[in-house]
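Hi,

Here is the model I said I would pass on. Have a look at it first, and my notes on the charged pairs follow below.

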Amino acid sequence: MNPKLIEKYYPIITELSNQYAYNSNITHLLYLIVPAFISKYSLSKENIILNTLKKTKIIISPNTSKTIEAYYTSIPHYQNNEITTSKYIIIQNYEKISLVQLLDNLVHELNHAINSYNQEIKQKDNVLYLRTGLTHVAYTLPNLDPLEKESSYILEEILNTNQTEEIINLIKNYHDPNHSDLNNTIYAINNETSSSYNSKSYAIETLVFKPILENKTFLSTLNNLRLSGDVEDIESWFDYITNIPNSYQKLNHNLNKIMALEKELPETKFWKNKKIKKIKDLLTNTLDIIKEFNRNCNYK
């Protein structure tokens, strides 16, 4: 990261933190996170990043959870007879999580928000569709009651986790000649992590997806479409390359099923081996789809 980015965004973050009454830990990490986002996405995306930061309030929740430390949510509502959204990042278990995990949570959820900025809202056949990255959630109109969530949300999480790791590694490798307190924070982050940061989020799913995440065509295409909001054609593009009908749907179905079975395993007393076999079969089928995509992809 360029030290000039820290100086440029420092007063903006300070003002925003005062506006939302963020505590010093969150403010301190935002001083590093925002320049890292600019470094990753380039100055051409500055407005998207800053507007997302201004419109997405970070809230420390009193609630605790064994499975979810943080989440991003966008809530539709009417304002002056038009539909708009209120956006929040909710941090749970705040008192128990480490500095690195707080950094991961903030980067991960803010990245969801940035990749949902463009073309967030669309209406079709009396249904509202609200986009988070690759995924749409459907709501009834005019009542705005939630209907269903698309199956691609695990793939969204995998891509988002991959980008989270990239952004945190940018922070880890930064040294600021003007702010010793930020250098101390970076030192603490590096002391708590290995040389290259690997997120704990969606570890098994990300591992399964590693062969296709190394495919530059797949990764750059999906990440560019997520950021622009042009996600409608991903399914036909993916199926065309694999030459397997409904392969994108099968891929997402498998990921969702694998995750659901993972969650059930710790509480399963009977037929545990049957569930493990089901997971292995789904993993095999998923890898077969990925291999076919990679085999047919002309640019890797």
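Seven salt bridges turn up here, counting a side-chain nitrogen of Lys or Arg within 4 Å of a carboxyl oxygen of Asp or Glu. Bear in mind that this is a predicted model, where local features need pLDDT of at least 70, side-chain atom pairs count only at pLDDT 80 or more, and totals for chains, interfaces and linings use all residues. Residues are numbered from 1 along each chain as its sequence is written, and side-chain values use heavy atoms, with hydrogens and water left out.

Partly exposed falls between buried (under 20%) and exposed (over 50%), using a 1.4 Å probe and protein chains only.

Another salt bridge pairs K122 with E232, at 2.7 Å from N to O. K122 is in strand β4 (residues 121-124) and E232 in the loop between α9 (216-228) and α10 (234-242), 110 residues apart. K122 is partly exposed, at 30%.

K277 and D281 also form one, at 2.9 Å between the closest N and O atoms. Both lie in helix α12 (residues 272-296), four residues apart, about one turn of the helix.

Cheers

Notes: Helices (H or I, at least four residues) and strands (E, at least two) are DSSP runs, numbered from the N terminus.
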